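Biologist: Can we go through this one together? Show me the structure and I'll ask as we go.

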Amino acid sequence: MANQTIIPVGPYHPLQEEPELFKLFCDGEIVKDIKWETGYNHRGIEKLSESKTFDQVFFLVERVCGICSTSHPFAFANAMEEICELEIPNRAKYIRSIIGELERIHSHLLWVGLAGHFLGYNTVFMWAWKYREPILDLFEMITGNRNSYAMFRIGGVRRDIPMDMIPEVRQKMDEFRPKLDLLTGAVTDDPVIHARIKGVGVLTRQDCIDFAAVGPTSRASGLNHDVRRDDPYAAYDMVDWKVITSPQGDVYAKAEVRLLEMYESISIILQCLEGMKKEPEGDTGIPLKNVPEGMGTGRAEAPRGEVFHCVFTDGGYTPVRHKIRAPSYVNIATFKKSCVGQTISDATISLAAVDPCYCCTERMSMAYDYHNGKKTLSGEELIRLSQQKTEEIRKTL
Amino acid sequence: MAFKDFIFKKSLWLFHFGGASCNNCDIEILDCLTPRYDVERFGMILVGSIRHADVLLVNGSINQKDKVRLLELYNQAPKPILVVAIGACGCTGGIFAQGNTFAGPVDKIIPVDAYIPGCPPKPEAILAGIVKLLNK
Amino acid sequence: MTDTQTMIKSARKKYSADILEVETKSDKRVTVTIKPSSLVTMAGYFFSELKFRFIIATALHTKQGMEIYYHFSNDPAGLILNLHVVLRGEKPEIESLTGLFEAANWIEREMHEILGINFLNHPNLEKLISEGNWAEGVYPYRKEFNK
């Protein structure tokens, strides 16, 4: 099978150029093997954490990842509160859950937009990101920043959501729901999208167990686990919601799980706002005296799956060892099973369906010839192939 | 200087390089394309190849591996090119400056023409920074 | 007796020779310290028989030597069970768990890079994150202890 040579067409695409992440070894059209190279994003955060005081660590771990920025402080706070044996006030629990769920919504919307772009639906990309903006406005109103919120501290939250802000939060959620209906309808009703992503990038239940996959990636293969329900923290056991799963394991199932999770998030936020009305305003946390020696394991359900932090302390001011495991660390490895055997044009969407958190890991993919290892296609060419395939399918339907 | 003024007068094409970053800045740069900020109305687009670019946007605290790539990229870029360091990490290394793999903020590796601080800088700030650079 | 307590009791009975110590912080947080040579047996028991999910492994350097905590999760009960081993001596090494589940592959490579622990029978113990980032033979997470 000869190499495929594709002439790079200086394309417009809104994705970042990044060093090789995935090397797809292809025999003709089919992906035979994948190699992953990393290290480009390594910042030595676990080591840095050992030189920061516990309060400073919150600012550090927030910047592990920008998209799931709240989940890391969430898990770290859970770990520290386990060591210190603290029970935080209810209002703080509600506020933590609200921030966590708002983040889930904005992250899933971001994914819907990027998936739309990979498939060639640039309108979906533009609209999904447009509907993200009111959510980011809410963040700015509550926390002061669109992306890194600095809301957490050991013992509670740093800022309150005052009672007079609650109606506006509720209104923005109500305005958002019809837009979510529109996006969900766009994905679930379009026959071209069905043709593109149903049956593609399938990950079986057994593979998920073997690779220890978490989050929507594994829930879309039928695994029924969610940290918010299994090991409840914050306000998740004080409100009513359900875990979304789907048995097929393909890209469509992953998209469906993420879209339906956003509805649950809206419901959780509205219930938390109701619950907050009964809690005294300003009761945002309890003071911390000192951190004893011990080991704490804390976890939180990030938009991509379970975030796990393990902290060791020795009575001093800084952690002795701080282990951070982001969900993408285990999810990305599953590409060995879901992408091998697919055609090249399906490779980008299969990779994207795992929703790799770009800074828990990296970005690009490239294609190499399986027999002689020569590079054949670059990242944007792969995306272009994917978009072309959608066009072809659209013509036939 | 007349040549430089001439070629930068019309719409700019941007190329984005993300170093070891947390992605907040990357998302805010992409946000500039979305309907609310819509950088395309100024004729600016994000291109996929450095050889087509007029402006190189760099963000992220650069680690040893990225340093090699950044230098390679800068050498491939058609000169003159404007380099903009975005975010606290791009300007000074930010919170990761004491990390064990940190390879210096961007201006220690390639010459920088503008700094846009923030963690992350809002899209308005990014656009304002680029416009300010043009008017310099 | 809670489910966790029942589970610990039957594990202790079955593997009394391998388990050195059990610390039950709460019904949802248990740490079982085992002999390094029993790692594959115990991990196999929790993963394959009891169907726990592997979360990740944490390695750290303390005065006792290299300590590794393998974290497993029993999702229906919300339990985190940590399998704790202590590796003493100049050349810390332990059996790899990649034979049991693929998820151990990357984390063992990372622990090898940052602390220099050798994982026996690992399929490809090559660099994951350190290539170009720090020099060969340097283990950045090792510490100096005053005797």
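Modeller: This is a predicted model. Helices α4(A) and α14(A) are roughly antiparallel to each other, with residues 90-119 in α4 and residues 344-353 in α14.

Biologist: At what angle do the axes of α4(A) and α14(A) cross?

Modeller: They cross at roughly 175 degrees and come within 9 Å. Over 145 degrees counts as roughly antiparallel, so the pair qualifies.

Biologist: Which residues make the contact?

Modeller: From α4(A), A:Leu114, A:Ala115, A:Phe118 and A:Leu119. From α14(A), A:Thr348, A:Ile349 and A:Ala352.

Biologist: And how many of those are nonpolar, polar or charged?

Modeller: Six are nonpolar, one is polar and none is charged.

Biologist: Chain B now. What is the strand order in the open sheet?

Modeller: β2-β1-β3-β4-β5, five strands with parallel pairing.

Biologist: Which strands stand at the edges?

Modeller: β2 (45-46) and β5 (114-116) of chain B. Each has a single partner strand, so one side of each has no neighbour in the sheet.

Biologist: How many bridges are there between β1(B) and β3(B)?

Modeller: Five, in the parallel sense, between residues 13-18 of β1(B) and residues 55-59 of β3(B). As one example, B:Gly18 has B:Asn59 in β3(B) as its bridge partner.

Biologist: Which strands does helix α2 of chain B touch?

Modeller: Helix α2(B), residues 24-31, packs on the sheet and touches β1, β3 and β4 (82-86) of chain B. Its direction makes about 145 degrees with that of β3(B).

Biologist: Over to chain C. Why call β4(C) largely enclosed?

Modeller: Because nine of its ten residues, 65-74, are buried.

Biologist: What does β4(C) pair with?

Modeller: Strand β3(C), residues 53-62, pairs with β4(C) in the antiparallel sense over nine bridges. Strand β5(C), residues 79-87, is also joined to β4(C) by nine bridges and runs antiparallel to it. Among the bridge partners are C:His61 with C:Met66 in β4(C), and C:Tyr69 with C:His84 in β5(C).

Biologist: How many residues sit between the strands of each hairpin?

Modeller: Two between β3(C) and β4(C), four between β4(C) and β5(C). In the turn between β4(C) and β5(C), C:Gly78 has a positive phi of about 65 degrees.

Note on methods. Residues are numbered from 1 along each chain as its sequence is written. Chains are lettered from A and ligands numbered from 1 in the order in which they are written. This is a predicted model: local features need pLDDT of at least 70, side-chain atom pairs count only at pLDDT 80 or more; totals for chains, interfaces and linings use all residues. Axes are lines fitted to C-alpha atoms, for helices over the stretch in contact, and angles run from 0 to 180 degrees between N-to-C directions. Angles under 35 degrees count as roughly parallel, over 145 as roughly antiparallel, 65 to 115 as roughly perpendicular and the rest as oblique. Two residues are in contact if their C-beta atoms, placed from the backbone, lie within 7 Å. Ala, Val, Leu, Ile, Met, Phe, Trp, Tyr, Cys and Pro count as nonpolar, Asp, Glu, Lys and Arg as charged, and the others, Gly among them, as polar. Two strands pair if DSSP finds at least two bridges between them. A residue is buried if 20 or more other C-beta atoms lie within 10 Å of its own, exposed if 12 or fewer, and partly exposed in between; C-beta atoms are placed from the backbone.
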